[in-house]
Amino acid sequence: MNNKFSDFIILAISLLFVIITHELGHAIVALWNGDDTAKNEGRITFNPLKHLDLMGTLFLIVLKFGWAKPVPINSNKFKNERLGLFTVSIAGIMVNLMTCFFAILINNTLLYFQVFNYYLYILFNNIALYSVVFAIFNLLPIPPLDGSKILASILPKSFEYFIYKNEKYSYIILIVLLYLGVINKIIIPVIKPVLNFFNTITIYILQMI
């Protein structure tokens, strides 16, 4: 298989996996909180067509930063509205971080037992990298990213109304910041420390075997 083509396929699989599991995290935690809106709209699925946003996917392909369609939620259905909004908002980020940890653990386990496969190594390496990128990116307090929803869950209710009312305009701000490279300057310095942290933990775990 041509290396460039295989690397592209692996990259595409990695990005799709990271995005889909992120959105699944939101949808499943929403259901746990009593809101079945995402479930009823078919968002608890590994089908990428249910999760991908056209503009977010284009940015993902071009800039390696992007977003999926926000998971629909109805906070009125939550057993505890504020807690539900917080846990649902942070769920995708936590899933990304856990995915990063396990991807690094798998790679380090294979290396520890001297089992090496180029395609598997690149796959899990990409999954780890883009899981961190997606987690940090979504922490930014810019609608429709999760960071804004996390803020809305702890700030006065008026802030939540403000976010939902102006979300369509915030896309423009997000696109401009991505185009100008501002997002890169925020995210890139954080990536390596997070990866190193998980790498250190997994190596420590393997050394205890």
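Helix 1 (residues 3-32) packs on helix 4 (residues 81-112) at about 140°, and their axes are 8 Å apart. Axes here are lines fitted to C-alpha atoms, for helices over the stretch in contact, and angles run from 0 to 180 degrees between N-to-C directions. Helices are DSSP runs (H or I, at least four residues), numbered from the N terminus. The pair is therefore oblique; under 35 degrees counts as roughly parallel, over 145 as roughly antiparallel, 65 to 115 as roughly perpendicular and the rest as oblique. The crossing of helix 1 and helix 4 is right-handed, meaning that the near helix is turned clockwise from the far one by less than a right angle. Helix 1 makes the contact (heavy atoms within 4.5 Å) through residues including Phe17, His22 and Val29, and helix 4 through residues including Val88, Gly92 and Asn96.

This is a predicted model: local features need pLDDT of at least 70, side-chain atom pairs count only at pLDDT 80 or more, and totals for chains, interfaces and linings use all residues. Residues are numbered from 1 along each chain as its sequence is written, and side-chain values use heavy atoms, leaving out hydrogens and water.

Helix 4 also meets helix 7 (residues 157-180): their axes come within 13 Å and cross at roughly 45°. That pair is therefore oblique too. Here the crossing is left-handed, with the near helix turned anticlockwise. Glu81, Arg82 and Leu85 of helix 4 touch Lys157, Glu160 and Tyr164 of helix 7.

Methods
Helix = DSSP H or I, 4+ residues; strand = E, 2+ residues; numbered from the N terminus.
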